[in-house]
Amino acid sequence: MRTGCFVALAASAVLGLAAAARADVVTIGASQDNTIYSESGAQSNGAGDYFFAGTTRDGFHRRGLISFDVAGSVPPGSLITNVSLTLYLSRTRTGDQTVSLHRAVAAWGEGTSNAGGEEGGGALATTGDATWTHRLYPATPWSANGGDYAGTASGSTVVGNGTGFFAWSSSGMTADVQAWLDGPASNYGWLVRMPEGTTRVTKRFNSRTNPDATRRPALTITFIPVSPTGACCATDGSCSVVTDPGGSCGGTYQGAGTSCTPNLCPQPSGACCLPDASATCTELTAASCSAQGGTYQADFQACAVTDCPVVLEPFVDALPLPAVAQPTVGTPGGAASYTLAIREVAQQLHRDLPPTTVWGFGDGPTGATYPGPTLEVSSGEPVTVTWVNDLRELATGQLRTEHVLPVDTCMHGAIDASPRTVFHLHGGHVQSQYDGYPESTILPGQQAVYEYGNLQLPATLWYHDHALGITRLNVMMGLAGFYLLRDALEQGLGLPAGEYEIPLAIQDRSFDPDGSFEYPEMWHEHFFGNTVLVNGKVWPVLQVKRGKYRLRMLDGSNSRTYRLRLSNGASFQVIGMEGGLLPAPVTVSEVTLGPGERADVVVDFAPYAAGTEILLVNDAPAPFPGTPGVGVVPNVMKFVVTSATGHTAALPASLRPLETLDPLDAVVTRDFDLAKASEPCAGTRWTINGLAFDDITEFPELGTTEIWRFVNRSGVTHPMHMHLVMFQVLDRQAFEVVNGNVTPIGSPVPPPAHEAGWKDTVQVGPNEIVRVIARFERYTGRFPYHCHILEHEDHEMMRQFETVTACGDGVRGIPAEQCDDGNQVPDDGCSASCQIENECADGVDNDGDLRTDHPNDTGCSSATDFLETTPTRQCDNGLDDDGDGWVDVPDDPGCQTPTSTTENPHCQDGVDNDGDGAIDFDGGASRNGGVPLAQPDPQCGAAFVGSEAAASGGGCGLGPELLFLVPPLAALRRARRRSARVVLE
Ligand code: C2O
Ligand code: CU
Ligand code: CU
């Protein structure tokens with residue numbers, strides 16, 4: 001058995017020992033190596049990438065074992081004149097240490113144990129491994145624990161603190177190798193050890209199975225053959241020296257006198273991928289492949305069976321800025337109607353790529369872009385969008401009947417290859433029928449009109465496809481765009497705007513040489529592309545003026561998480577996340593976004609000289625959190641600073657006051673177990689509580705607050721997203737599974753400041769419990785919640801909750817149609833028939849006056865309903881229309897004017913400041929012009945309890961007839977619960 005000499009040294013040593021003798025040199029790789037661990041008689045690392053010597057922090061010893069097949073590479077009878085062992089040090093704990101080689105005196109084994117990772121602790125030994133107690137585990141022990149080896153070292157060398165190559169060479173080693181050549185049966189190699197007195201001295205060397213072939217152990221042997229010899233060439237191009245006439249040559253004998261120094265054996269060739277956009281493949285030797293900058297695949301591999309990657313040059317295209325969508329009625333930013341059609345177009349995504357077939361959105365009769373045009377909208381200004389599926393085959397113009405990408409019919413809902421689409425506004429607070437329910441399929445040639453009331457805080461929203469079972473394919477094709485919701489308060493903050501406000505849709509893709517997207521035919525757990533596109537260009541460049549830019553960053557990727565920072569290490573400010581502005585800017589040096597998440601950040605380029613180049617870079621492993629460095633695509637985009645001056649105004653110290661949801665308000669805590677399960681069709685699927693999309697088990701009641709706990713029992717982070725609501729992250733806590741039970745460890749940790757605002761998607765890390773709190777309001781119906789890794793969402797990490805109206809009998813958590821029948825209580829506001837109850841209390845604006853219909857008002861479905869039409873909707877939209885930091889009070893006729901004095905922050909803020917369970921009421925006595933006070937107003941306290949208890953439709957507006965009004969105030973809900981409780985007693 002020959003191990004093969006894989007590198008022959010170039011220089012021949014001329015030793016001059018005997019006039020005719022010619023020295024020869026071979027360099028051979030190890031035939032076995034392993035590590036033994038003193039703390040355990042059963043740890044080993046036979047097949048690992050590394051082996052170890054030294055002593056750990058805890059005083060445990062590691063000893064390496066290594067052997068070489070000398071007799072297979074040097075002709076018998078040769079005189080060994082010199083040997084040199086080279087090891088690559090790849091990790092070290094301390095400075096200079098003497099590492100010595102002792103001749104092993106008993107056979108030992110290398111099994112299949114493989115510790116993975118940094119490998120320091122070893123792995124459970126497999127049959128035939130060497131361990132501290134066994135030379136061949138588990139049957140043959142050493143005669144002494146720790147190995148049988150010669151007491152005197154054959155050679156030693158001082159190994160320093162920097163990674164790199166170290167060499168051992170000595171007369172003792174030469175004698176060992178000579179002995180092994182002459183008596184191969186006693187060749188057990190060397191034991192590699194360090195002085196074992198002190199702790200924390202360990203050295204890690206690359207093993208013979210390390211993936212980097214150039215850094216494996218190598219033994220160079222210089223020898224003088226006795227009889228004529230010649231070189232023997234193996235098919236892999238390696239060279240060994242054999243005795244003439246080459247009878248023992250396993251390959252091609254080169255003739256007497258031929259030598260391995262230098263190696264003249266013909267080198268095999270194989271596929272070599274060149275780093276270019278056309279994925280060029282040529283068959284070359286490994287050496288000429290690397291000389292041309294290519295990546296050598298394998299010996300004898302043909303180009304015909306090689307799939308070379310498309311390699312694109314970064315930072316050659318300008319960052320595209322999506323156009324503002326133009327309405328058919330109205331103007332951008334106001335109440336308006338849009339028609340947005342999805343169309344198949346060819347779009348160039350990189351300078352060196354042919355145009356790619358993508359699906360984009362167009363706001364006109366023809367054409368489309370990927371990403372789609374940006375919808376500019378304002379809080380309280382409703383818009384309607386006519387979504388049209390106008391997907392036609394590029395070549396024929398015929399409506400598409402088949403998807404461009406292969407559809408895997410193992411996915412729930414993916415019954416055939418048709419290009420089903422669904423239109424979802426991510427982060428939108430919308431009626432169920434307009435939410436883009438995954439089964440609200442719109443086929444080519446069909447359309448639907450969706451209404452977006454925009455009754456929510458301003459935020460960076462985005463629209464994207466949501467078709468059941470093929471969302472990942474539709475979004476991959478390009479179906480996504482921005483929806484930017486604003487209001488007067490935000491506009492008044494002086495944030496960078498116009499040319500200084502840039503949306504960045506970050507998505508990863510891989511390409512075929514013809515420019516088409518590469519996406520696997522069968523469902524995979526994740527999709528990770530090898531390039532990053534921003535707004536539809538691969539690694540683009542943006543010229544920036546010296547000043548501040550507001551970057552609205554979206555992770556619109558299928559599976560990839562990004563940990564984003566600036567290449568110069570500069571910090572930047574996060575001003576908002578998915579649900580809009582934070583109370584104040586938060587300074588960070590990196591921000592991590594999972595699929596679906598957004599970060600609204602401000603980067604200041606003022607400090608840099610013209611010409612400065614700064615990259616937006618990523619170091620998040622894929623999958624996430626994964627192993628550092630694995631799967632990372634480091635580049636995102638480049639900024640180039642110009643000499644012009646841009647937006648230099650300071651950022652405001654405070655942004656938008658945040659209403660914090662109170663865990664004490666939660667009526668229920670629900671648990672969601674996130675895990676992977678096996679499944680016969682696709683092999684595996686991802687699940688929530690082990691259930692599927694059609695299993696509905698959550699029925700949140702409108703007006704109530706709930707805590708949802710996501711418990712991640714899997715090894716990857718899941719970005720969990722809820723429709724309808726914005727939530728707040730309460731905390732994160734680690735857990736371990738003890739006897740199958742989730743057992744929390746340590747204390748819950750509140751979210752970092754930049755995550756402590758409104759969100760709609762949250763990263764739930766492995767072995768982590770994340771608690772979020774949300775208030776369910778306004779719209780009844782079914783809404784999805786899911787992991788936003790689209791591969792997970794499609795299979796089958798998406799379920800639905802159904803929001804229901806209050807039941808007069810106080811029963812919670814049941815479907816709306818089961819509510820209240822024949823079980824009314826006198827003043828619950830519900831009538832005897834569910835039909836009528838639903839009409840008025842369904843949270844829907846049945847009469848189209850932009851106000852949610854009032855439940856106990858018999859006239860609520862008519863446009864003349866008093867409660868609905870007076871006051872105007874500005875007062876009860878749950879927003880602070882006059883920008884004084886207080887949510888406008890619904891029954892206050894003056895609330896929409898900036899001079900309103902009726903929004904008393906303490907007595908009419910809808911909060912129970914004195915904690916007596918009733919909403920504070922000041923009887924009108926302490927109205928103070930709307931100036932926010934830091935402390936509760938004592939006048940709302942005990943002295944006024946009488947007024948509070950009596951509050952029933954007076955100035956505070958908390959009487960039963962107002963309980964179902966729109967303002968999303970925790971207090972309204974609390975009051976409602978209180979009244980329900982009173983009724984039941
Ligand atoms: Cu952005 Cu249900 O998704
Ligand atoms: Cu969504
Ligand atoms: Cu997931």
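A residue is called buried when its relative accessible area is under 20%, exposed when over 50%, and partly exposed in between, using a 1.4 Å probe and protein chains only. This is a predicted model, in which local features need pLDDT of at least 70 and side-chain atom pairs count only at pLDDT 80 or more, while totals for chains, interfaces and linings use all residues. Residues are numbered from 1 along each chain as its sequence is written, and side-chain values use heavy atoms, without hydrogens or water.

Take the copper ion (ligand 3). Its protein donors are His718 (ND1), Cys787 (SG) and His792 (ND1), at 2.0 to 2.1 Å; donors are N, O and S atoms within 2.8 Å of the metal (3.2 Å for Na, K and Ca), and sites may look incomplete because water is not among the atoms. Along the chain the spacing is H-x68-C-x4-H. Histidine 718 lies in strand β46 (residues 718–722) and cysteine 787 in strand β51 (residues 781–787), so the pair ties together parts 69 residues apart in sequence. Strands (E, at least two residues) and helices (H or I, at least four) are DSSP runs numbered from the N terminus. Cysteine 787 is buried at 0% relative accessible area, and histidine 718 is buried with a value of 0%.

The copper ion (ligand 2) has His424 (NE2) and His721 (NE2) as protein donors, 2.0 Å away. Histidine 424 belongs to strand β27 (residues 423–426) and histidine 721 to β46, 297 residues apart. Histidine 424 is buried at 1% relative accessibility, and histidine 721 is buried at 1%.

Technical notes. Chains lettered and ligands numbered in written order.
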